[in-house]
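Me: I would like to learn how to read a helix and its packing from a model, going step by step from the general idea to the case at hand.

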Amino acid sequence: MSYISGAKSVPDEQVRIASTKIEGIGPKKAIQVRYRLGISGNIKMNELTKYQIDQIEQIIAQDYIVHWDLQRGKREDIERLISISRYRGIRHQDGSPLRGQRTHTNARTFRKQIRK
């Protein structure tokens, strides 16, 4: 079992399926990475060499925003909304639903915060 960009890859899965386990890589990007390296469609993760795994990791690191960088970007966006006192930022701060959902009878996690 190997790790690619912080995600555990299952040895008996195809490369395109195992690549989608990486946060920020979907099916389309997984196929693009595989195509750029010239890896066939049916090859499994345990059949790859160390060199091929390193190449996959390098291409993903160079061309795509994945895992920690993606999470940091989301967190920075939320902090920016809070700092400029946008409505969405205030709702994030309160833990309330953001996109106009009903809070009277739903949004259980929000209502639990009120009861405390």
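Predicted model: local features only at pLDDT ≥ 70, side-chain atom pairs only at ≥ 80, totals over all residues.

Me: What span should helix α3 have, and how far apart are its end C-alpha atoms?

Reply: Helix α3 runs over residues 50-63, and at 1.5 Å a residue its 14 residues should span 20 Å, which agrees with the 20 Å between its end C-alpha atoms.

Me: Which residues of α3 are buried, and which are exposed on the other side?

Reply: The general idea is that an α-helix has 3.6 residues a turn, so residues three or four places apart point the same way. In this case the buried residues of α3 are I53, I56, I59 and I60. Because they cover an arc of only 125° around the axis, they lie on the same side of α3. On the other side, K50, Y51, A61 and Q62 are exposed. The cover over the buried residues of α3 includes β1 (2-4), α1 and α2 (27-37).

Me: Which elements contribute to the largest nonpolar core?

Reply: In soluble globular proteins, nonpolar side chains tend to be buried together. Here the largest nonpolar core has 18 residues, and I4, V15, I22, I25, L48, I56 and I60 have the most contacts inside it. The elements that give it two or more residues are α1, α2 and α3, with the largest share, four residues, coming from α3.

Me: Is S19 buried or exposed, and what does S19 touch beyond its sequence neighbours?

Reply: S19, found in helix α1 (residues 15-19), has a relative accessible area of 7%, and because buried means under 20%, S19 counts as buried. Leaving out residues up to four places away in sequence, S19 touches I25 and A30. With that same exclusion, I25 touches S19, T20, A30, I60, Y64 and V66.

Technical notes
Residues numbered from 1 in each chain as written. Heavy atoms only, no water. Buried < 20%, exposed > 50% of the residue type's maximum accessible area, 1.4 Å probe, protein only. Contact = heavy atoms within 4.5 Å. Expected span 1.5 Å × (residues − 1). Arc of directions from axis to C-beta. Core = buried A, V, L, I, M, F, W, Y, C linked by side-chain atoms within 4.5 Å.
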